[in-house]
Amino acid sequence: MSTILEATDLTKHFRSGGGLFHKPTIVRAVDGVSFAVRTGETLAIVGESGCGKSTVGRLALRLLEATSGSVKFEGKDLASMDEDALRGLRREMQMVFQDPFSSLNPRMTLGDIVGEPLWLHGMGSARERRERTRELLSIVGLRPEHAQRYPHEFSGGQRQRIGIARALASNPRLVIGDEPVSALDVSIQAQVINLLEDLKDRFSLTLVIIAHDLAVIRHMSDRVIVMYLGKIVETAPTAALYAEPLHPYTRALLAAIPLPAPGLRAERKLLEGDIPSPANPPSGCRFHTRCPFAQARCREEEPALRDAGGREVACHFYETLPRADAERAVAIPESAAKRRRMALYREHRDRQESDAAAAAPAATAGRALEPSA
Amino acid sequence: MPATKNTDMPFSSSLAPRPSEAGEPVLRVEGLGVAIGPAERPVTLVEDVSLEIAAGRTLCVVGESGCGKSLTSLAIMGLLATPPLRVASGRVLFEGRDLLTMEPRERADLRGDRMTMIFQEPMTSLNPAFTIGDQIAEVVRRHRDISAEAARATALEMLRRVRIPSPEKRLDEYPHQMSGGMRQRVMIAMALANGPRLLIADEPTTALDVTIQAQILSLVRNLQRETGTALLLITHDLGVVAEVADEVAVMYAGRIVERGPVEAIFDDPQHPYTIGLMGSLPSLAGDQERLVTIPGSVPPPERMPRGCRFSPRCPFAIAGCHTAPPPLAEITPGHWAACIRAPLEAFVGAPAGEAA
C-alpha cells in the first residue's frame with residue numbers, strides 16, 4: 001500500500017505568556033511525532049486533552065508551521081513549498097472541523113460556503129460551480145434548493161454536513177477530520193459517521209480522524225495512533241489494539257470507558273492523578289507519573305517507539321507487564337429482547353428510508369438522511 | 001433568587017409514580033411542566049414529567065440536546081430563569097413538602113444545604129476571586145452557625161473526602177490553579193459539605209477526559225454509598241447511565257418516553273427512541289457493519305407535533321401516533337413506556353430474520 005502522507009519527527013512548541021519580567025513558557029504540544037498515512041485507509045489519532053492530536057492534524061496540512069520536522073504529501077515536502085504550490089496542494093487535502101457552529105461563516109449562504117473552494121481553486125465556470133455546489137449538497141444529504149440559505153437555519157448535524165460538503169468540493173484525496181462528530185448528539189453522530197463512511201467509499205478518500213471517543217474510532221478506523229502529552233505511545237491496527245492494548249496508557253484508556261451495559265459494571269482499576277501539563281512534561285516516559293507499572297528506568301529514560309510485531313509501542317517493559325487480564329470484555333452481552341427489537345428497528349428503519357427515497361426522488365443523489373428542513 | 005409564583009397548581013398527571021416500598025422518597029416530581037412565552041400562547045418545553053428518587057438511590061435522566069433534562073433539574077432546584085421560563089404545572093415534593101408553594105426564603109435555605117447541585121463546567125460555577133477553602137466554608141456558614149475556624153476545618157475535611165491530594169495546600173488555592181477534574185472534585189466537596197439528602201448532578205463529567213471521568217464517577221458512587229444521598233444525574237451518555245444508575249428516565253422533546261430500572265432499560269428497551277439511541281452507539285467490540293440511525297432531528301419546541309413527539313422520526317409510526325400523545329403505560333412491573341406500539345413484537349410481529 002502506498003503512502004499518501006508522511007510526517008517525520010514533527011515538533012511544535014508554542015510560546016505562551018512571557019513579557020518584560022517573565023520568561024515565556026514553552027508548551028511542547030507535539031514532540032517528535034512520526035507516522036505515515038496509507039492511501040485509502042482510515043487512520044485515527046486518539047488521546048485526551050493536551051495530547052497534541054489536533055495540533056498534529058493542523059501541522060499535517062501546514063495550517064500551523066512546525067517548529068521542526070517535515071510533512072510530505074506524496075513525497076512532496078510541504079515546508080519547502082511557496083504559497084501558490086501549497087494552495088494547489090490543499091485542493092488534495094481538506095479538513096473537517098469539530099464545531100459546526102463556529103467553523104461556518106454566518107454571513108455566507110450555503111452555496112457560497114460550499115462553492116468557495118471551487119472559486120478559490122479556479123475550478124469551472126460560474127455555472128458549472130453552481131451545478132457542482134448543488135450536487136455536493138445533495139451528496140451530503142441536504143437539499144440543493146437550500147443553497148440560498150444561511151448556516152443559522154440549520155441544526156448542528158446539518159451544519160456538519162455543510163462542512164463536509166465544503167471539504168469535498170475540490171475533490172480532495174485526503175480528508176482530516178478534527179473531532180468531526182464529537183459536538184453532535186448520539187443519534188445525529190451516527191448519521192454523520194455513516195455519511196463519512198459512504199463518502200469515503202464513493203470517492204476513494206483517505207481519512208484521518210482525530211478524536212477522543214474510542215468507540216467512534218473503533219467503528220471507523222483501520223489503524224490507530226494513541227498519543228499522550230505530545231508523544232505517540234502506541235500505534236496498531238484497530239482490531240489488534242482493542243483486542244490487546246499493549247501500552248499501559250492505552251490499557252487505562254480502554255478500561256476507563258463506561259460501557260452501555262449495566263451488567264458489566266464493576267469496580268475497576270483507575271488511573272490515578274491528572275494529566276500533567278505539556279508545558280512541564282515529566283522526565284523519561286511522560287506517562288510514568290500515572291503508570292501503575294512504572295519503575296526507576298521509566299523516570300530517567302524516555303522509551304522509543306519500537307516494533308511489537310505489526311505494531312509499535314513506546315514502553316520499556318511492555319513484554320514483561322502482567323497480561324491484560326484486568327481488561328474488561330468490550331463485547332456487550334445482548335438480551336434476546338434487545339436483539340429482537342434492534343432487528344425490528346433496523347428492518348423498519350430500512351423500509352422508512354426506501355419509502356422516503358421513493359417519495360422524494362430529488363434527494364436520491366445522496367442518501368436522504370435528513371429529510372426535514 | 002428567582003421566586004416561583006405557582007402557588008396552587010393543579011396536579012395534572014394521572015401517572016404519578018407510586019411511592020416506593022422503601023418509604024417516602026426524598027424527591028417526588030408529579031406532572032412537572034416548564035413553559036416559556038406569553039401565558040395565552042405558552043410554548044411547552046417540559047411536559048408532564050413525573051419521577052421519584054429514594055434515599056441512597058440514583059436516577060439518571062438521559063436524553064439529547066433540547067430534551068428538557070436540564071430544565072427539569074433547574075425547575076426542581078428552583079433555579080429556572082423566571083421570567084422568561086416558568087413552571088407551568090405540577091408539584092415538586094422534597095421530603096414530602098411541595099417546593100413550588102414554599103416561601104422563596106425557605107426554599108433558599110434548603111438549597112445548598114438539604115438539596116444541592118453540581119454543573120457541567122466547574123470553572124464557571126466557582127468564583128475565581130476566592131480561594132476554594134473560602135468557598136466551601138461559605139457554603140457551610142450560610143447554613144450552620146459555626147465559627148470561621150470550624151468551617152475551614154470542615155472544608156479541609158471535605159477536600160480529604162473527595163480525595164484531593166495535599167488538601168492543606170489546596171485549601172488556599174484559587175480555582176484557576178486547578179485542573180478540570182480537581183475543580184469538579186471541589187464542586188462535589190461543596191455540594192456534599194452540609195450532608196444533603198438530594199444531589200442533582202447535571203452532566204458532571206461531560207467536560208472531562210475519559211480517565212478523569214472514571215475517577216469522578218467512582219468518587220461520586222463511593223461518597224453516595226457512605227452518605228445515603230439521593231442522586232439525580234442528568235447525562236446524554238448511555239455509558240455513564242449504565243455505570244451509575246439504579247433507575248433511568250429517558251427524555252425526548254420535553255417528555256419522559258421511557259422509565260424503569262436500569263437493567264430493564266438496557267436489556268428490554270421498549271420505546272423506539274430508546275432502541276434507536278442504543279443502535280446509534282458505536283460499539284467497542286467492532287461488530288457492527290453500519291450504525292442504526294434515527295432520521296431527522298428534534299423539532300423546535302414551537303413546532304412540536306400534536307401526537308407522539310417522536311412520531312415524525314419513528315420507523316414504527318402509524319396514524320394513531322400522530323393524533324394524541326401516548327400515555328406512559330406500565331409494560332412490565334416498574335417499567336413504563338410512552339408508546340402505543342410497545343412491546344413492539346406484539347404489534348409489528350417478529351423480525352424477518354428470526355426463526356420462530
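**Where chain B meets chain A**

Hi everyone. In this predicted model, 58 residues of chain B are in contact with 57 residues of chain A, where contact means that the C-beta atoms, placed from the backbone, lie within 7 Å. On the chain B side, the elements giving two or more residues are helices H7 (180–192), H8 (210–227), H9 (238–244), H10 (262–267), H11 (272–280) and H12 (344–348); helices here are DSSP runs of H or I with at least four residues, numbered from the N terminus. That side divides into 29 nonpolar, 19 polar and ten charged residues, with Ala, Val, Leu, Ile, Met, Phe, Trp, Tyr, Cys and Pro as nonpolar, Asp, Glu, Lys and Arg as charged, and the others, Gly among them, as polar.

Now to one helix pair. Helix H11 of chain A, residues 336–359, packs against H11(B) at an angle of about 90°, and their axes are 10 Å apart. Axes are lines fitted to C-alpha atoms over the stretch in contact, with angles from 0 to 180 degrees between N-to-C directions. The two are therefore roughly perpendicular, a label for 65 to 115 degrees. H11(A) contributes A:Arg341, A:Met342 and A:Tyr345, while H11(B) brings B:Pro272, B:Ile275, B:Gly276 and B:Gly279. By class, that contact has four nonpolar residues, two polar and one charged.

A word on confidence. The model scores ipTM 0.84 and pTM 0.87. Chain B has a mean pLDDT (the predictor's confidence in each residue, from 0 to 100) of 87, with 92% of its residues at 70 or more. Over residues 1–22 of chain B, though, pLDDT is below 50, and this stretch has 47 contacts in the model beyond near neighbours in sequence.

Definitions and conventions:
Residues numbered from 1 in each chain as written. Chains lettered and ligands numbered in written order. Predicted model: local features only at pLDDT ≥ 70, side-chain atom pairs only at ≥ 80, totals over all residues. Contact = placed C-beta atoms within 7 Å. Parallel < 35°, antiparallel > 145°, perpendicular 65-115°, else oblique.
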